[in-house]
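Hi,

Here is the structure I promised to pass on.

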Amino acid sequence: MTTMLPTDVLHAMLADEIADVARLLQEHAADDSPATRALIHQIAECSMGPNHLWQDLGLSDRAELNTLMQQHFPALKARNSQNMRWKKFLYREICERAQVLICRSPHCESCEEVAVCFAPEV
C-alpha cells in the first residue's frame with residue numbers, strides 16, 4: 001500500500017527544491033540584475049515541470065537554452081562540459097553538494113525520452 005504525503009508537505013518539498021535550484025543559479029549568475037533574478041526564479045520553477053527544461057521555459061529548442069545559460073550563467077554552462085540535459089545536470093549539481101549518491105531529476109520516470117537522457121555520457 002502506498003501512502004500519500006499531505007499536500008502541505010508536498011508543497012514544502014517542492015518549494016525547497018525550487019529554492020535549491022534558485023540558489024545554484026544565483027551562485028553562478030553573470031550579474032545580479034532584476035532581469036537575471038527573474039530568470040533565476042523562472043528557471044527554478046520550470047525545473048519542476050514535466051518536460052525538458054527548454055520546453056517548460058517555452059524555448060524553441062535545447063540550443064536556445066544553452067545560449068541562455070551561456071549568457072546568464074557562464075560558469076555553470078562551463079561546468080556542464082559534457083552537454084548533459086539541463087534538469088539532470090542541475091539536480092546532479094545539487095545532489096553533489098548534499099553528498100547524495102543517487103539523485104533523479106523530477107518527472108524523469110514519466111518522460112518519453114528517458115533512455116536518451118540517461119544514456120551513458122559521452
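L25 touches I40, I43, A44, M69, F73, L76 and L90, leaving aside residues up to four places away in sequence; contact here means heavy atoms within 4.5 Å. Keep in mind that this is a predicted model, where local features need pLDDT of at least 70, side-chain atom pairs count only at pLDDT 80 or more, and totals for chains, interfaces and linings use all residues. Numbering runs from 1 along each chain as its sequence is written, and side-chain values use heavy atoms, with hydrogens and water left out.

L25 is also among the residues with the most contacts inside the largest nonpolar core, along with I43, M69, F73, L76 and L90. That core has 26 residues (buried Ala, Val, Leu, Ile, Met, Phe, Trp, Tyr and Cys joined through side-chain atoms within 4.5 Å; buried is under 20% relative accessible area, with a 1.4 Å probe and protein chains only). Two or more residues each come from α1 (7-27), α2, α4 (62-72) and α6 (helices are DSSP runs of H or I, at least four residues, numbered from the N terminus).

In α2, the buried residues are T36, L39, I40, I43, A44 and C46. Down the axis of α2 they fall within an arc of 165°, so they line one face of the helix (the arc uses directions from the helix axis to the C-beta atoms).

Finally, W86 and F89 form an edge-to-face aromatic pair, 5.4 Å centre to centre with 85° between the planes (ring centres within 6.5 Å, planes over 60 degrees apart). Both are buried and sit in α6 (residues 86-98), three residues apart.

Cheers

Note on methods. Buried means under 20% relative accessible area, exposed over 50%, partly exposed in between (1.4 Å probe, protein chains only). Rings of Phe, Tyr and Trp (its six-membered ring) pair if their centres lie within 6.5 Å; planes under 30 degrees apart count as stacked, over 60 as edge-to-face and the rest as tilted.
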